[in-house]
Amino acid sequence: MRLRNIILILAPAMMISCGQADYSDGKWVIGPFERPVSDAIITPDTTAVFDCPMRGEPVKWMESDTFNPAATTKDGKIVILFRSEDNSATGIGSRTSRVGYAETSDGINVNILPEPVLFPGGDGWEDLDCPGGSEDPRVARTEDGLYVMMYTSFNRKTARLCVATSRDLKHWEKHGPAFKGALGGKLDDEWTKSASIVTSLDKNGEMVIEKINGKYLMYWGEEFINPATSDDLIHWTPMTDENGELLQIVTPREGYFDSDLTECGPPAVHTKDGIVLIYNGKSFENGSYSAGQILFDAKDPTKVLARLDEPFFKPEMPFEKTGQYVDGTVFCEGLVHHDGKWFLYYGCADSMVGVAVCEQGR
């Protein structure tokens, strides 16, 4: 996420019902979620040191903040890939970000690798990654075990949505900007962020990437939500409207919890009701980030069938209101279905990682 001071064109409030079906009972929503512990599960560590190829010296890579986590499953465990910041500067967006690796058997108690698994420098992508680094990952896997990470490369001039792939979640191959050359290169130098690839639950009850209407599909965007498609999960093409502009299928709503931004969260899930997307809404009135859910039509994934008017998850605990972002933040980026439960991983005030669990809901 980033701080902004602009006025958006606000869409009218949208509640439920479109078409013949009535979704006003809210039974399509994933949840309810509750916090299983009263504190963050990943916090900064001043002892973790990494030989940074960008700076050419040892760096305390998670000294200041650990937040905005992706999550997926591997070998019966949950893997959390979280954004970490060193202490190279002061202020949001001023430090260098790297992606750390943690794994857990119960979804709560974690073991963290001593070094980051995705970082800037030494790989040929310095013009995109340095000095800001690698930010805000979302991760999903294919049926054959390829993990796809959508993350932000930030050179402190432009944030670009980028793609990396891995088989083990520890060694990643960067592929560069997701929209490179798309729409005639229209987005090559534009600010792009926050992508949620559409998944479904496989026979083992785990989230895997699926195709919608013959193509891979993701929702992306920070100020508004746009759909994009791909044939290979590496190169993506955003959808456009009749004027050739990005198709804005979800926008902020005046007077609601998402009045300033509607930013995509973890991988979307294709359910029996449609495609459910968890997103992060920023309030124009008080600056806080809370989480909402939207239901899209699986046959026409640009069509909104339902949208919550109230957040299903919002900052309530002290650790969600202190740190870099004191206005209060629960910023959801990781969603896992594991052992019959939903685990939702989120950033707390741009400073720590929290978890919420749905044990008996849908």
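Biologist: The structure holds two cavities of 30 Å³ or more. What makes a space a cavity?

Modeller: This is a predicted model: local features need pLDDT of at least 70, side-chain atom pairs count only at pLDDT 80 or more, and totals for chains, interfaces and linings use all residues. Residues are numbered from 1 along each chain as its sequence is written, and side-chain values use heavy atoms, without hydrogens and water. On a 1 Å grid over the protein atoms alone, a cavity is a set of points where a 1.4 Å probe fits but cannot get out. The largest cavity holds about 70 Å³.

Biologist: Which residues line the largest cavity?

Modeller: Among them are Thr72, Val139, Met207 and His337. Lining residues have an atom within 4 Å of a point.

Biologist: How large is the second largest cavity?

Modeller: About 40 Å³, a volume being the space filled by probe spheres set on points joined across faces, edges and corners. Its lining includes Arg160, Phe179 and Asp188.

Biologist: What makes a space a pocket instead?

Modeller: A pocket is an open set with protein on both sides within 12 Å along at least five of seven lines. The largest pocket has about 220 Å³. Of its twelve lining residues, the closest to its centre are Trp191, Trp220, Glu223, Phe224 and Leu246.
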